Amino acid sequence: MEKDAEGFYTPASDSKAEAPAPAPAEQEDTADPGAGQTDLIKSTFDVTVTVGDQQLDPNSPLYSVKTFEELGLNEDLLKGIYNMGFSKPSKIQERALPLLLKDPPQHMIGQSQSGTGKTAAFVLTMLTRIDYSKNEPQAICLAPSRELARQIMSVVTTMGKFTKVVAEFAIPEQLPRDATRVSAHIIVGTPGTAVSLITRGVIKTSAVKIFVLDEADTMVDKLALGPQVLKVKRALPTNCQLVLFSATFSDQVRAHVNNLAPGANKIELKRNEISVDTITQFYLDCKNEDAKYDALVGLYHLLTIGQSIIFCKAKKTADKIAERMTSEGHKVASLHGSKEATDRDSVIDRFRDGQDKVLITTNVIARGIDIPQVNMVVNYDLPMMSERQQEPGVNDRLDLIPDVETYIHRIGRTGRFGRKGISVNFVHNQKTFQDMMTIQQATGRAITKVETGDYDMMDEQLRAILKKK
Ligand SMILES: Nc1ncnc2c1ncn2[C@@H]1O[C@H](COP(=O)(O)OP(=O)(O)OP(=O)(O)O)[C@@H](O)[C@H]1O
């Protein structure tokens, strides 16, 4: 990979590929586009939540000393927040909001653990900065997947319920094909569609005051997204406020993010603080790759005690497992980037609503997706990434190494805002075991072995988590 003047990774000049090199034999599913919008439906599940207690614990990422009133938010937004059932800010909200709302506006690079309320911090900033009397785009927020963009839109409209906000999607198949001008205050979308709408003049950028990148590290790091994000940035006024949030910023990516938002205020986590400690991590030692399927089926009763997400490395694997389990009488859904936009929307909405309890997927929803009732995550395949090894005098070589950041995001689909959750990794040989050990070492959290078939411990934990009110 090479980087340009603003620190973005760009494809190496000799590379024709738009995306990182695929894993051998199977193409990985990274995030992105699809379309359609429906209001997200509230889950009917009851889960035990101890958020109140954690918001009083100074060591918790949910702790704050201040109230929302003290953070400089206007009445309409306070009404929106309380209407959502929030009573106190989390740590990231308490720390970030005063910096984000300062005048003159300053860039922000904000890091906080998964499920600790980063979305509210940037959505409240966009809603505060808008001049509602002007019907033109003033805030653009981009995310790596259609599913995440739809979720952010839902937060914008719910939190902005008492304002006059108008928001529009920049995701595939959402706007009518002949649309010529968007007059919404806030645009929420994915990079490819945003670039296309800006290039065609459908989204005018001259009045944009704030540009938010959710999951900012992947937005600048991935070969497919980085150049598009850069194109959007170049179309914005030079004094536009840049707001970059994520739970992870690898050392490698941090320099690029800093270049993108020079002089930004920064809220950073120490390496050992990044993983959420309300997620108990397990692993299953499977005899071989094929035995992973049997292990998953053996876990089915646990997967359906609450709701679960199964992560695979490839779309093909996700489809294959889902088809086989369905044909054997199990009820599972599958979601990945090759499905039609409308299918993707209905799959995630049904899962959000609790109509489907097991979702088999790829990295497409590894980041950002907030479905509080998910209490179990399975890494059917560990997340891997390719790293270019450069040896003098030898052609570049791509090695597959464990993708620690993606692992943190994947397991972070459970354990949201103080809830408890469990994760299970499948390993099936020395290499996959070593890869998992690398992840354990990097995250500093224990991953405990569970004997195949002896799931009492996980069963007990899940039932304790999912006590009906
Ligand atoms: N102050 C608050 N009080 C109560 N609940 C909150 C508060 N702030 C956020 N939440 C809830 O916490 C959950 C997680 O928030 P959010 O999705 O913003 O997390 P995040 O930090 O963006 O996570 P990720 O890194 O996975 O994207 C959401 O269900 C949200 O509604």
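**Exercises on helix packing and a parallel sheet**

Helix α14 (residues 404-411) and helix α15 (residues 430-443) pack with their axes 10 Å apart, at an angle of about 80 degrees. The model is predicted: local features need pLDDT of at least 70, side-chain atom pairs count only at pLDDT 80 or more, and totals for chains, interfaces and linings use all residues. Residues are numbered from 1 along each chain as its sequence is written.

**Exercise 1.** Classify the packing of α14 and α15, and state which residues meet.

*Solution.* Helices here are DSSP runs of H or I with at least four residues, and strands are runs of E with at least two, numbered from the N terminus. Axes are lines fitted to C-alpha atoms, for helices over the stretch in contact, and angles run from 0 to 180 degrees between N-to-C directions. Angles of 65 to 115 degrees count as roughly perpendicular; α14 and α15 are therefore roughly perpendicular to each other. In contact (C-beta atoms, placed from the backbone, within 7 Å) are Val404, Tyr407 and Ile408 of α14 with Ile439, Ala442 and Thr443 of α15.

**Exercise 2.** Give the strand order of the open sheet, and explain why β5 and β9 are edge strands.

*Solution.* Two strands pair if DSSP finds at least two bridges between them. The order of the seven strands is β5-β6-β4-β7-β8-β3-β9, with parallel pairing. Strands β5 (167-170) and β9 (265-267) each have a single partner strand, so one side of each lacks a neighbour in the sheet. From one strand to the next, the twist averages 15 degrees.

**Exercise 3.** Describe how β3 pairs with β9.

*Solution.* Strand β3 (residues 108-111) joins β9 in the parallel sense over three bridges. Within this pair, isoleucine 109 stands opposite lysine 266 of β9.

Terms used. Angles under 35 degrees count as roughly parallel, over 145 as roughly antiparallel, 65 to 115 as roughly perpendicular and the rest as oblique. Two residues are in contact if their C-beta atoms, placed from the backbone, lie within 7 Å.
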